[in-house]
Amino acid sequence: MNAMEAMLNTEDDALLDVQHLTMRFGGLTAIDDLSFTARRREITSIIGPNGAGKTTVFNCLTGFYKPTVGCLLLKHPQKGDYFLERMEGFRIAQVGDVGRTFQNIRLFPKMTVLENLIIAQHNRLMKASCFALAGLFGLPRYREAEKAAVDKARFWLDRVGLIPRADWEAGNLPYGDQRRLEIARAMCIDPCLLCLDEPAAGLNPRESLDLNELLLSIRDEQGIGILLIEHDMSVVMGISDHIVVLDHGRKISDGDPEFVRNDPTVIRAYLGEEEGDDDHA
Amino acid sequence: MSESTNPIRAARSPLKTIVIDACLTAFVVLILAIPFIGLKSDSVGTSLQLVTRWPLMFAVIGAMVAGRVLLNLWRMRPSAAPSAKGGKGVGATLSAWGGSHIKMIGVVAFVAAVALPFMPFSNRYVVDIATTFLIYVMLGWGLNIVVGLAGLLDLGYVAFYAVGAYTYALIATQLGWSFWLCLPLAGLFAAMFGIMLGFPVLRLRGDYLAIVTLGFGEIIRIVLTNWVDFTKGPDGISGIPRPSFFGAVFSRSAPEGVTTFADLFGIAYSSQHRVIFLYFLILALAGVTNLFTLRMRRLPTGRAWEALREDEIACRSLGINPTNVKLSAFALGAMFAGFAGAFFSTRQGFVSPESFTFIESAIILAIVVLGGMGSQTGVVLAVFALVILPEWFREFEQYRMFLFGAAMVLIMVLKPTGVMGHREPTIRLHPPGKPGEQPEVVQ
């Protein structure tokens with residue numbers, strides 16, 4: 001009975017179930033039969049050498065690519081189950097509440113920091129404005145919704161320390177601020193799963209430490225799952241609860257940081273194989 | 001512009017720079033001036049003769065070189081060094097001032113527009129020009145939604161203007177419906193055509209979108225020209241009914257059961273009344289367009305338009321449906337062109353495909369781009385430069401297009417982002433003058 005309960009609990013905690021995901025571009029197999037599970041209140045990192053297919057996993061997950069084979073089951077804690085591979089790109093964020101950031105930051109550079117965060121709440125505001133009608137006539141219903149949106153934006157601006165710069169054009173922010181703004185923007189859609197593509201790239205050690213704290217606090221306070229692609233091992237090993245290692249599109253290791261750190265296959269993938277030298281000959 | 005800031009050029013001695021620049025100028029002007037000024041064909045009796053005007057040509061070249069030298073000297077004056085971007089600074093200050101006083105400027109402009117027909121100097125000609133001005137302003141504001149806000153380059157905007165104009169012309173002449181009934185219909189029809197154009201081009205951006213919209217504009221014009229049974233082809237539709245003032249017609253005498261405008265107000269009949277009425281009609285229509293766009297910018301739909309212009313992929317990652325955003329921009333932009341088209345056809349009383357050529361689309365697009373994409377005030381200024389100045393300089397005849405070109409070049413050199421390139425945020429956390437770091441103006 002106890003074992004049963006424990007199993008049910010872990011079942012409940014599973015947020016994303018990736019099963020046999022395969023993505024081929026013509027003859028190139030970018031992801032080959034990848035299966036893993038990401039849980040709520042956990043930071044799951046996907047690591048691997050360059051070209052291992054990490055970003056491709058994200059692009060399949062957020063609807064930018066349609067996977068060749070496999071299924072991506074999102075177990076939304078409030079809304080039920082969704083098969084992400086069957087949903088159109090924008091619906092995954094709109095209905096599935098999957099937020100993401102990009103490897104090369106994609107903000108709305110000519111718009112202000114605050115506007116960036118308000119746009120992230122588009123769908124809620126759209127409903128409140130009755131598709132612009134209530135908004136056009138300035139009905140109180142829309143004004144309240146906008147006020148709530150600004151409050152949410154203010155909350156996240158405060159978290160990433162951008163309140164004083166809220167009225168800057170996003171494109172004029174320093175690089176580190178832009179990275180954090182992108183995370184804040186993704187959080188404004190109230191995600192149940194947050195996918196971060198190399199959030200620490202280009203940050204100095206101090207900013208990188210702040211980022212770790214931010215991600216840990218998001219995990220603990222919001223109770224959401226975080227999926228992280230990262231090259232910076234101090235970030236990965238410091239905050240991950242669970243690591244999936246990819247190499248040439250295949251999963252070569254899966255477990256907690258301690259396990260992955262000592263896994264010989266991982267060391268071989270990163271540092272090269274002594275006996276394998278005849279491959280290059 | 002960049003010579004003075006270019007480190008390689010700056011390292012050269014100033015004299016050398018000026019001499020090289022002068023030689024280059026002389027060379028370029030020489031090449032242009034030989035065919036334009038140096039040679040002239042003259043008819044002597046029945047034969048055509050080539051006349052040469054070398055002294056005049058060299059005088060022009062001399063003037064150009066002298067002007068260039070003076071310009072360089074002025075640029076290299078000692079006090080110019082720290083404020084190398086002097087021209088831009090002035091522009092930035094101006095548009096920033098315009099941005100912060102925008103409401104006041106708008107109210108003053110509106111009051112001036114209302115008072116215009118009653119000014120002592122205004123006559124039929126002035127009011128007519130002002131009406132043309134407002135038509136272009138309205139078209140510019142409409143296209144601003146598509147190009148300026150949503151960032152979808154549309155080279156066939158005049159097609160929607162044509163749809164609106166023909167909708168009113170056909171319904172009014174065939175079915176006899178009144179202008180006030182046809183006006184919303186014209187907008188609706190144009191919006192439908194906007195969506196029709198929008199669907200196939202959903203996946204296109206930039207140059208590709210421009211080409212398809214250009215083709216769409218031509219398709220509409222060619223259909224109007226060739227579908228003779230329906231549109232009377234190149235002959236156009238004439239005898240389009242004029243609008244009435246709540247049923248009161250603008251004529252000296254009215255048929256049975258209809259009052260004239262003059263009788264309604266007990267004033268003497270004047271042919272001026274209709275002109276002024278049309279002027280106020282387009283003023284109201286343009287005003288509605290402006291208020292609508294300004295309001296829309298602060299609503300989720302409008303913000304999504306701007307977000308789409310900035311980054312479509314980021315939009316999708318935030319759960320914004322790009323299809324809806326693009327179609328709404330196309331439809332609403334087209335709708336205002338449809339209103340303007342209906343107004344155009346009731347004002348002229350005659351429409352033909354001639355009025356809806358590509359050059360019209362190009363002018364409207366130039367208005368939006370020169371005005372500063374997305375800026376409502378900029379559109380007004382650009383219409384002034386591109387439509388009103390050529391009209392005023394009608395006396396200069398052959399120099400009209402020259403001035404038109406010069407205005408374009410000047411704007412592009414002095415303010416590459418348009419006259420009013422400054423974007424005003426739709427919402428602020430810290431009102432200006434309150435705590436919080438104020439954004440630095442980077443132009």
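How many Å separate the centres of domain 1 of chain A and domain 2 of chain A, taken over C-alpha atoms? The separation is 27 Å.

This is a predicted model, in which local features need pLDDT of at least 70, side-chain atom pairs count only at pLDDT 80 or more, and totals for chains, interfaces and linings use all residues. Residues are numbered from 1 along each chain as its sequence is written, while chains are lettered from A and ligands numbered from 1 in the order in which they are written.

## Domains of chain A

In chain A, domain 1 comprises 10-97 + 190-275 and domain 2 comprises 106-188; such bounds come from an automatic or database domain assignment. Contact joins 10 residues of domain 1 of chain A with nine residues of domain 2 of chain A, where two residues are in contact if their C-beta atoms, placed from the backbone, lie within 7 Å. On the side of domain 1 of chain A that touches domain 2 of chain A, β7 and α9 (205-222) of chain A each supply at least two residues. The most is given by α9(A), with three residues. By class, this side of domain 1 of chain A has seven nonpolar, two polar and one charged residues. Here Ala, Val, Leu, Ile, Met, Phe, Trp, Tyr, Cys and Pro count as nonpolar, Asp, Glu, Lys and Arg as charged, and the others, Gly among them, as polar.

Helices (H or I, at least four residues) and strands (E, at least two) are DSSP runs, numbered from the N terminus.

## The four-stranded sheet of chain A

An open sheet of four strands in chain A has the order β2-β1-β4-β5, with antiparallel pairing; two strands pair if DSSP finds at least two bridges between them. At its edges stand β2 (28-39) and β5 (80-83) of chain A, each with a single partner strand, so one side of each is left without a neighbour in the sheet. From one strand to the next the twist averages 15°. Axes are lines fitted to C-alpha atoms, for helices over the stretch in contact, and angles run from 0 to 180 degrees between N-to-C directions.

Strands β1 (residues 14-25) and β4 (residues 69-76) of chain A are antiparallel partners over five bridges. Four bridges link β4(A) and β5(A), also in the antiparallel sense, and these two strands form a hairpin with three residues between them. Individual partners within this sheet are listed below.

| Residue | Opposite residue | Strand of opposite residue |
|---|---|---|
| A:L73 | A:F83 | β5(A) |

Helix α2 (residues 54-61) of chain A lies across β1, β2 and β4 of chain A and runs at about 70° to β2(A).

## The six-stranded sheet of chain A

Another open sheet of chain A contains six strands in the order β6-β7-β8-β3-β9-β10, and its pairing is mixed. The edge strands, β6 (98-100) and β10 (250-255) of chain A, each pair on one side only. Neighbouring strands of this sheet are turned by 15° against each other on average, direction ignored. Three bridges join β6(A) to strand β7 (residues 193-197) of chain A in the parallel sense. Opposite A:V98 stands A:L193 in β7(A).

## Chain B

Chain B has 18 helices and four strands. Its division gives domain 1 (7-84) and domain 2 (89-414), and the C-alpha centres of these domains of chain B lie 41 Å apart. Of the 443 residues in chain B, 35% are buried; a residue is buried if 20 or more other C-beta atoms lie within 10 Å of its own, with C-beta atoms placed from the backbone. Among contacts in chain B between residues at least 6 apart in sequence, 73% join residues at least 24 apart.

Conventions: Buried ≥ 20, exposed ≤ 12 C-beta atoms within 10 Å, placed from the backbone.
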